[in-house]
Amino acid sequence: MLRLLLASWLVGLAASAVTTPTAKWQTLSGKAPRVVARGGFSGIVPDSSQLAYELAMSSSVKDVILYCNLQMTKDGIGMCQYDTILDNSTDIQSYYPKGQKSYTLNGEQVRGYFSVDFTSEQLFNVSLVQNVFSRPSIFDGAFPLYMLEDLLSLKPPGLWINVESNTFFKQHKQDVTPYIIEGASIIKANYISSPEIGFLKSLNGKLGKAKTKLVLKFLSQDSIEPTIGKSYSTILQDLKSIKAYASGILVPKDYIWPVNKGYLESSTSLVKEAHALGLEVFTSGFGNDLQMSYNFSYDPTAEYLKFVDNANFSVDGVLTDFPITASESIACLAHTQGNRKQAKALVISHNGASGIYPGSTDLAYQQAVSDGTDVIDCSVQMSKDGVAFCLDSIDLTGGTNAVTAFMDRSKAVPEIQQDAGVFSFDLSWTEIQSLKPQMQNPGAKSNLLRNPAANNQGKLMTLSQFLDFAKNSSASGILINIENAPYLASKKGLDIVKSVSDALTNASFDKQTEKQVFIQSDDTAVLSTFKTNTSYKRVLMIKETVSSIPVPSVTEIKQYADAVSINRFSVTKRTGFFLSGFTDVAKTLKKANLTLFIHVLRNEFIAIPYDYFSDPIVEIDTYINPLEADGIVTEFPSTASRYLRSPCVNPKANLEYTIVPSTPGQLVQAAGPGALPPAEAPAPILDPADVVDPPLPPVVAVADQSPEAPGPATTTPAKNGQPANVAGVLLSLMMVVFSFVQLRG
């Protein structure tokens, strides 16, 4: 049943597989690096399941190699399984609660369920489960263990068999060597790998006419190879000896690009040395949801490209849990650095390249321009003395160290936000300049920190400085975001709208035509004030998630705006972390001839629904192609820019492989009953009354400002003489500071 539900999906993926023009590769063969799908598409469905292998073939380059980690059953049947121990990847315990045993494996005593203790018949009802916590579990129990014979029936384009420990199998009278030799003419594996040199030597020259390449799989450098008793770091020093029994090596990523404290060091000479000896080099450990160097900014395609498309070398293949991402990296994104954009969609920064440097700093904007951003943005805030500057929020505690530097200025402003904060209008520009910008880490709870070395780097910019920078940059436009105008005018005597208008005029942006100016606000009254300057495009920001925008609401929007920036979750329907379909929001706005921007995109896999395969490129492609977004607002503009330089952006291009957008709902439909969380209640509809805001209030003179509304009447002095409510705020802030210290510790 599950296969039938996914049949159209798989066919659609296969139909889309129609590589960029032939490019020169620095591989040993001179051809494109091979994509090796470890256990199939194991990043989404259970490792080594039938669906994992089928999905890998349908979503990857046409010559994808399917990787089978071979295990032997008690009756001598070979099966593909993630690990020698079955505990974490199957539900075997529910069938054989007393079936665990203890054995010596790779020199260590290990207890668990082992395939050698069960016949293939005994394993018939055992099902596969997802063995990585961060990956979807909706397919658990849906697929049986997959035998090598089953995999061969799929007629894979390429086959890679890995034998992790033949020493262990020999101890249990299940030597893999005769199994491979006797079945060589049927198996026809392209590659056979093992960490055991003795096993590879036992196969060398004995596979008949099969064109099978033997590959030495390296474990961690301090691990000991069991058949010769040397560490892999020692073996690495004598690559020439490997050539006597193997044609290639499979190494972890850090053998090629070492990582120190989360950052890449200089590459080793391993690939060039191996190629000089005629050895192919494959590398392992790729997964969109696995730890990667900060240098890659959580963009898995950037990591692949570092191994296949750098100035010095290219590995011959990558072993990955997400073959779709490896495929798009090699077939679509490699060798495109000098390309022009292949689509009209705009790359719009969000506080500059705020995924790489502290947001709204000079460094973030410089990086955004360097990364190919079309439109750089400034969310305007106002200081106490009327200086307009760029920062994501009017509350300084998120993007700076204001929580510690100006704890005594903290207060609650219900008109702006529920939580207490240190607000820009309470500090002078000189005081704000003294603050240290900080990286914002939305993935901190999952230990997904952004470029820690950049914390406190960069300087905040006044609006005038930003405009001067933009004017002299290669960016084709600017986006000025204005919020909280009514409060600033009526409570603080600050005219943010006039400050922006004057700054644009002083920088001659009101007359020039070289760069497009977007004025964005969530307040239609603000947008109205810019209506007379027809060179500006007005953008209505809709922060909240909505499920639909009726025609009357669209009519109201068009009175005030030329474009709409919509929350990315407004264009899809969600069930937990899965998508169940598209809403009509994007279609409605496009039909009304409104420019459509989608915000805010992040690269961290925890921010990307499963239907996009934890791949930021697939998410972007889905917004650009099926939904026809005119702009993508992102904290990682380099990712979107790389995508838009690719020929695969055009779905009608006659290519051997192209990027496949997501079809929301396919994973949900394939899930078994009870596997999914309850469906979420639909987001609200955007009513016409929610669109139009009241006219802006007059700007009060500072001397005429009314005092802030008093807090609770209870002001019992605390022991230190401060009112109890103030002491509570200070205590809360101290707890926040402590939590920040804990995160950085």
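Tutor: Let's start with a term: a residue is buried when its relative accessible area is under 20%, exposed when it is over 50%, and partly exposed in between, using a 1.4 Å probe and protein chains only. This is a predicted model, in which local features need pLDDT of at least 70, side-chain atom pairs count only at pLDDT 80 or more, and totals for chains, interfaces and linings use all residues. Residues are numbered from 1 along each chain as its sequence is written, and side-chain values use heavy atoms, leaving out hydrogens and water.

Student: Why is Cys648 called buried?

Tutor: Its relative accessible area is 1%, and the cut-off for buried is under 20%, so Cys648 counts as buried.

Student: What makes Cys332 and Cys648 a disulfide?

Tutor: A disulfide is a pair of cysteine sulfur atoms within 2.5 Å. The sulfur atoms of Cys332 and Cys648 lie 2.0 Å apart, and the pair is joined by a disulfide. The torsion about their S-S bond is about -85°, so the link is left-handed. Distant parts of the chain are linked here: Cys332 sits in helix H13 and Cys648 in the loop between H24 and helix H25 (666-670), 316 residues apart.

Student: How do you know what counts as a helix or a strand?

Tutor: Both are DSSP runs, numbered from the N terminus: helices are H or I with at least four residues, strands are E with at least two.

Student: How many disulfides does the rule give?

Tutor: The count is three. Cys68 and Cys80 have sulfur atoms 2.1 Å apart and form one of them. Cys68 lies in strand S2 (residues 65-72) and Cys80 in strand S3 (residues 78-80), so this pair ties together parts 12 residues apart in sequence.

Student: What makes the link of Cys378 and Cys390 left-handed?

Tutor: The torsion about the S-S bond is about -105°, so that disulfide is left-handed. Cys378 is in strand S16 (residues 375-382) and Cys390 in strand S17 (residues 388-390).

Student: What pattern do the disulfides follow?

Tutor: Counting bonded cysteines along the chain, the pattern is 1-2, 3-6, 4-5.
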